[in-house]
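Reader: I am new to this structure. Please take me through one part of it closely, and then show me what surrounds that part.

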Amino acid sequence: LAFVPVFTHLLKSDEHTLLTSWSDRLSTALVAGTGLVLLATLTTARYLVPIVFGSAYTPVIHNLPILISGLVPLGIAATARTLTIVHLRARLALEASALRLIVFWLLAPLMIARWESLGACFSALVAVLVYSVYLTRRIRRVDAYRFRRAWVAAFLLVPFLGLLWIPTVK
């Protein structure tokens, strides 16, 4: 939300190219930042979860990186959501949020029944992915926003997701 005034000024000044460039850079930077959060989670979860939440939560440490992975597409969606505010497209943001909620509630009961808390994490991840793709695809119809660099950066993180399956609990 901090970029709403800047983006609004650029839009009112007919600086569409600059607005597109800024939004692309912001979404790419947010993906890079969430990638660092993902790495920090991978390296510190086994130490911090018992301290912060207690040793009873140690078995769910493996779920945390999957849940944290949802921050990557949320980084892209945050820029798209900011653009919905700038372009006065509140309905689009509402539709995307409703879609995210519907996807989660359709998947979660099935996945939780099968995989318990891990299923809930996967449900949340899928819901966030659907939300982000929907929002970025729909905001592109408003103006020439690309988000290509951000999605490429997000997909470049995929090979590192293999690190999620390295045991983090001794």
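How do H2 and H4 run relative to each other: roughly parallel or roughly antiparallel?

Author: A word on the source comes before the answer. This is a predicted model.

H2 and H4 are roughly antiparallel to each other. Helix H2 covers residues 16–52, and helix H4 covers residues 71–86. They pack at an angle of about 155°. Angles over 145 degrees count as roughly antiparallel, and therefore this pair gets that label. The two axes lie 8 Å apart. The crossing of H2 and H4 is right-handed.

Now the residues that make the contact. From H2 come Leu19, Ser23, Leu26, Ser27, Leu30, Val31, Thr34 and Val37. From H4 come Leu71, Val72, Gly75, Ile76, Ala78, Thr79 and Leu83. Sorted by type, the contact of H2 with H4 holds 10 nonpolar residues and five polar ones. No charged residue takes part in it.

Next, the setting. The protein has seven helices and zero strands. Its pattern along the sequence is α-α-α-α-α-α-α. The C-alpha atoms fill a box of roughly 55 × 30 × 25 Å, taken along the principal axes. There are 170 residues in the protein, and 40% of them count as buried. Take the contacts in the protein with a separation of 6 or more: residues 24 or more positions apart account for 76% of them.

Follow the chain on from H2. The loop between H2 and helix H3 (64–69) holds serine 55. Serine 55 counts as exposed, because its relative accessibility is 58%.

Aromatic rings come next. A pair of aromatic rings is described by the distance of the centres and the angle of the planes. The count here is five aromatic pairs. Phenylalanine 53 and tyrosine 57 form one that is tilted, at 5.9 Å centre to centre with 55° between the planes. Phenylalanine 53 is exposed, at 55% relative accessibility. Tyrosine 57 is partly exposed, at 45%. The pair of tryptophan 151 and phenylalanine 155 is tilted too: the ring centres are 6.3 Å apart, and the planes stand at 35°. Both residues lie in helix H7 (residues 148–156). They are four residues apart, about one turn of the helix. Tryptophan 151 is buried, at 16% relative accessibility, whereas phenylalanine 155 is exposed, at 57%. Elsewhere, ring pairs link Phe3, Phe7 and Trp22 into a cluster.

Last, some backbone angles. Most residues other than glycine have a negative phi. Glutamate 116 is not a glycine, yet its phi is positive, about 55°. Glutamate 116 sits in the loop between helix H5 (90–115) and helix H6 (117–139). With 58% relative accessibility, glutamate 116 counts as exposed. Phenylalanine 147 is not a glycine either, and it has a positive phi of about 65°. Phenylalanine 147 belongs to the loop between H6 and H7. Its relative accessible area is 2%, so phenylalanine 147 is buried.

Back to the start, then. H2 and H4 are roughly antiparallel, and their crossing is right-handed.

Methods: Residues numbered from 1 in each chain as written. Predicted model: local features only at pLDDT ≥ 70, side-chain atom pairs only at ≥ 80, totals over all residues. Heavy atoms only, no water. Axes fitted to C-alpha atoms, helices over the stretch in contact; angles between N-to-C directions. Helix = DSSP H or I, 4+ residues; strand = E, 2+ residues; numbered from the N terminus. Parallel < 35°, antiparallel > 145°, perpendicular 65-115°, else oblique. Left-handed = near helix turned anticlockwise from the far one by under 90°. Contact = heavy atoms within 4.5 Å. Nonpolar A, V, L, I, M, F, W, Y, C, P; charged D, E, K, R; others polar. Phe/Tyr/Trp six-rings, centres within 6.5 Å; stacked < 30°, edge-to-face > 60°. Buried < 20%, exposed > 50% of the residue type's maximum accessible area, 1.4 Å probe, protein only.
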